[in-house]
Amino acid sequence: MVNIHDVAARKRTEREAKLSTYRKGRIHLPNDAVDVSQYPLGKLTETERIIVHCDATAIVDLIRKRVYTAQDVLRAFVKVAVAAQDVTNCLSEVLLDEAFLQASKLDRYLEKTGNVIGPLHGLPVSIKDHIKIKGLDTSSGYLGWAYKTVADNDALVVEILRNAGAILYVKTQSPQTLLSLETDNNVFGKTLNPFNRNLTPGGSSGGEGALIACHGSPMGVGTDIGGSIRIPAAHCGLYGLKGSVARLPHSGLLGSHDGMDAIVGCVGPLARSARDLELFCRVMLDAEPWLNEPPLLEMPWKRGVANGEGLPEKLAIAVLFDDGVVAPHPPITQALNKYKQALARAGHDVIEWQAVDHQNGWDLITKLYLLDGGAEYHETISAGGESEVPQTEWILEHAQGRGPYTPADMFKLNLEREAIRSKALAHWNATQRRTVSGRPVDVILCPVAPTLAPPHNTTSWWGYTSHWNLLDLPGVVFPVDRFTAKASATYPPLPHSRNDVENFIHSQWNPATYDNAPICLQLVGRRHNEEKLLAMLNVVEKAFKENAL
């Protein structure tokens, strides 16, 4: 029998060997280093520093104009990615040799023809571990899958990226089971938040969050079935988009519960700018992925809508301050209030969103996540001879004491899901009675989580993200600020706790705990209205920039 510790050690040794060729001296941190976000930039040339501070949209433009070569760009991001791994443990699989070969080919093509191969020509793109890249191991956070799940083909999203000229160079850490809003597994270990290593970068796309936050990738691909793109984006100060199901390509992933469709995840981008989210979506849908993936809707990307065509001059915006289960910590409430005031000053129609069914929604979605009572997760972990990491234990406790649901049970759960969706849609439409314009709100502004990035192993409420998965509404996260714990600052008291979860989360509130953590918010739009959602994000950010006090 293979020793599980040997498997983990072998995976980590192989990763290190592939990185060592490209490491320009290991970063030696003081043991008490907390904010490590700038360390990976320490050995860059001035040109490389400029490159890694560009967003993806700027990079592809600069390569096309021959300001930089694909090799220049890749070299800069690889330097940072290798250093980011040293300080956050964000990487899983590594394909740097192949990446530099591809960059060289792209440079020769551009030099010879004068044309780019596609809209992402030369752009390095990082990929979450369970998204298949042909020839690479796809352990997906399970020790028992290591060396047994080498991908025999590319995921559709990877195929589209390659055809568009993107360069794949690293895969990033995801947690055991993937059903986690932190990033910890027994294969590669725990991923840390670069802004405060005592805090989680979020999950399950936490490796992406940490890497992009360090400027080690200009664009990453994650997945989201309960917040797994939006939470890492929020905890790492980035932009992240979860679309509605059947909009963006989702085939070619490896994980537990493949084939389960009571609740379905989404592939989506994490990036450093709002326009990069639009770029990703446009490239994906211009490739007509519905011709290769039957569940996808034939909905071409409406670039004009994404750029604001058809938007009302003044938006109707509902602000959700409290989901009725866990009131957010003060920095999040303060950010919501600042945005509410700035949007009102800009002339937008701002009302409060009245929360409906968030606890009921959570109770239902955990049943949908664990239709088999958690059996497949337990079996996979047990077969690998490993133990459950703390966040795995936490989520599986939601099915403790019950077996799998019968088909009749599942039918009832699906009916309950559709009833909640219908009620939510009617609730949204009814906002027309409270807006000045007399039409329903265009978008909801809300928290991403009740806390900023929390200490490791303490995430305990998903309702600000998972609720929108249950309703299948698109959500986009955007950065607002960075929290600074000032001794002189005063914060309003938290309201009286209404339940045990809220009591625990409120007991966590201590400004010093969250020092330097990013502050982000979320916009939620109507189903399959991703273009309009991104257009409204542009309006909201512009209004805040011009009207914030």
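1. A cavity is here a set of points, on a 1 Å grid over the protein atoms alone, where a 1.4 Å probe fits but cannot get out; lining residues have an atom within 4 Å of a point. Grid points are joined across faces, edges and corners, and a volume is the space filled by probe spheres set on the points. The model is predicted: local features need pLDDT of at least 70 and side-chain atom pairs count only at pLDDT 80 or more, while totals for chains, interfaces and linings use all residues. Residues are numbered from 1 along each chain as its sequence is written, and side-chain values use heavy atoms, with hydrogens and water left out.

2. The largest cavity has a volume of about 100 Å³. Its lining comprises 13 residues, of which Thr451, Pro454, Thr459, Ser460 and Trp461 are the closest to the centre. By class, 7 of the lining residues are nonpolar, 6 are polar and none is charged (Ala, Val, Leu, Ile, Met, Phe, Trp, Tyr, Cys and Pro count as nonpolar, Asp, Glu, Lys and Arg as charged, and the others, Gly among them, as polar). Over the whole structure, the search finds 4 cavities of 30 Å³ or more.

3. The whole structure holds 27 salt bridges, each defined as a side-chain nitrogen of Lys or Arg within 4 Å of a carboxyl oxygen of Asp or Glu. One of them joins Arg247 to Glu530, with the closest N and O atoms 2.8 Å apart. Arg247 lies in the loop between strand E7 (239-242) and strand E8 (266-271), and Glu530 in helix H18 (residues 530-547), so the pair ties together parts that are 283 residues apart in sequence. Helices (H or I, at least four residues) and strands (E, at least two) are DSSP runs, numbered from the N terminus.

4. Within helix H9 (residues 274-286), Arg282 and Glu278 are 4 residues apart, about one turn of the helix. Their salt bridge has its closest N and O atoms 3.0 Å apart. Arg282 is buried at 16%, and Glu278 is buried at 9%. Elsewhere, shared partners link Arg247, Lys302, Glu530 and Glu531 into one salt-bridge network.

5. Helix H1 (residues 4-20) contains Arg10 and Glu14, again 4 residues apart, and their side chains meet in a salt bridge of 3.2 Å, N to O. Arg10 counts as partly exposed at 46% relative accessibility, as does Glu14 at 32%.

6. An open sheet of 11 strands with mixed pairing runs in the order E1-E3-E2-E6-E8-E7-E12-E13-E11-E9-E10; two strands pair if DSSP finds at least two bridges between them. Strand E1 (91-94) and strand E10 (349-352) form the edges, each pairing on one side only.

7. Strand E7 joins E8 through 2 bridges in the antiparallel sense, Tyr239 being partnered with Ala271 of E8. E7 also pairs antiparallel with strand E12 (residues 475-482) over 3 bridges, where Gly240 stands opposite Val477. Both faces of E7 are covered: Tyr239 and Leu241 on one side, and Gly240 and Lys242 on the other, are all buried. Strand E9 (residues 316-319) and strand E11 (residues 443-446), by contrast, run parallel and are joined by 3 bridges, with Ile317 partnered by Val443.

Terms used. 1 Å grid on protein atoms, 1.4 Å probe; cavity = no way out; pocket = protein on both sides within 12 Å on 5 of 7 lines; lining within 4 Å. Buried < 20%, exposed > 50% of the residue type's maximum accessible area, 1.4 Å probe, protein only.
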